[in-house]
Amino acid sequence: MRFINKDVEPNSLSPLNLAFLGDCVYELLVRETLVCEANRPINDLHRESVKYVSASAQTQAFEKIKNILTTEELAQFKRARNAKTGHSPKSATVAEYHTATGLESLFGWLYLNNETERIRELFKIICE
């Protein structure tokens, strides 16, 4: 399901543009999961969400799904992981930051390809 009804070719977009979008897709999955689990104070929700959306947490998430990614999905991940971000991470290693960028790009790419079920499948494995 997409919110904007506009044709776009995800493979023609920069991997960092896909990561920009994928960051939001991933964050929405985390937030929806937390809200659906329990009615909690906002500060608790924020504290819990940070456990999932940090670069180190996203690196661990990638480790859980890397062996089930298709060749095309893995290529998309690597394309973003290897992109020059021009950013120095503060609370993660450079490797973790690049891995997180790759994961976010993958989720952005899947979203723009209308691969909602695949997004759900991968996120379910991440949460296990």
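Glu117 is exposed, with a relative accessible area of 55%. This residue sits in a predicted model whose secondary structure comes to six helices and zero strands. Glu117 forms a salt bridge with Arg120, and the structure holds eight salt bridges. The points below take the protein topic by topic.

**Confidence**
- The average pLDDT of the protein is 93. A score of at least 70 is reached by 99% of the residues.
- Confidence is highest in helix 6 (residues 116-127), at a mean of 97. It is lowest in helix 2 (residues 42-53), where the mean is 92.

**Overall build**
- Along the sequence, the pattern reads α-α-α-α-α-α.
- The C-alpha atoms fill a box of roughly 40 × 35 × 25 Å, taken along the principal axes.
- The radius of gyration is 14 Å. A compact globule with 128 residues would have a value near 14 Å, so the protein agrees with that expectation.
- Take the contacts with a separation of 6 or more: 72% of them join residues 24 or more positions apart.
- Buried residues make up 38% of the 128 residues.
- The protein exposes about 8,000 Å². Carbon and sulfur atoms supply 53% of that area.

**Salt bridges**
- In the bridge between Glu117 and Arg120, the closest N and O atoms are 2.4 Å apart. Both residues lie in helix 6. They are three residues apart, about one turn of the helix.
- An α-helix has 3.6 residues a turn, so residues three or four places apart point the same way.
- Arg120 is partly exposed, at 47% relative accessible area.
- Glu37 pairs with Arg40 in a salt bridge, with the closest N and O atoms 2.8 Å apart. Glu37 is exposed because its relative accessible area is 51%, and exposed means over 50%. Arg40 has 23% and counts as partly exposed.
- Glu63 forms a salt bridge with Lys66, and here the closest N and O atoms are 2.7 Å apart. Glu63 is partly exposed at 43%. Lys66 is also partly exposed, at 31%.
- Glu73, Arg118 and Glu121 are linked in a network of salt bridges.
- Side chains of opposite charge can pair when their charged atoms come close.

**Helix 3 and its buried side**
- Helix 3 spans residues 55-65, and Thr59 has its place there.
- The buried residues of helix 3 are Ala55, Ala57, Gln58, Thr59, Ala61, Phe62 and Ile65.
- What covers these buried residues includes helix 1, helix 2, helix 4 (71-81), helix 5 and helix 6.
- Thr59 has a relative accessible area of 16%. Buried means under 20%, so Thr59 counts as buried.
- Leaving aside neighbours within four places in sequence, Thr59 is in contact with Glu96, Thr99 and Ala100.

**A nonpolar surface patch**
- Met1, Phe3, Ile4 and Leu28 form a nonpolar patch on the surface. Together they have about 480 Å² of accessible area.
- Ile4 lies in the segment before helix 1 (15-37). Its relative accessibility is 57%, so Ile4 counts as exposed.

**A loop residue to check**
- Asn114 is found in the loop between helix 5 (94-112) and helix 6.
- The phi of Asn114 is near 60°, a positive value in a residue other than glycine.
- Asn114 is partly exposed, with a relative accessible area of 47%.

Note on methods:
Residues are numbered from 1 along each chain as its sequence is written. This is a predicted model: local features need pLDDT of at least 70, side-chain atom pairs count only at pLDDT 80 or more; totals for chains, interfaces and linings use all residues. Side-chain values use heavy atoms; hydrogens and water are left out. Helices (H or I, at least four residues) and strands (E, at least two) are DSSP runs, numbered from the N terminus. Buried means under 20% relative accessible area, exposed over 50%, partly exposed in between (1.4 Å probe, protein chains only). Contact means heavy atoms within 4.5 Å. pLDDT is the predictor's confidence in each residue, from 0 to 100. Patches are made of residues with over 30% relative accessible area and no salt bridge: like charges are joined within 9 Å, nonpolar side chains (Val, Leu, Ile, Met, Phe, Trp, Tyr) within 5 Å. Accessible areas come from the Shrake-Rupley method with a 1.4 Å probe; for residues, only the protein chains shown count as cover. A salt bridge is a side-chain nitrogen of Lys or Arg within 4 Å of a carboxyl oxygen of Asp or Glu. The radius of gyration is taken over C-alpha atoms; the globule rule is 2.2 Å times the number of residues to the power 0.38.
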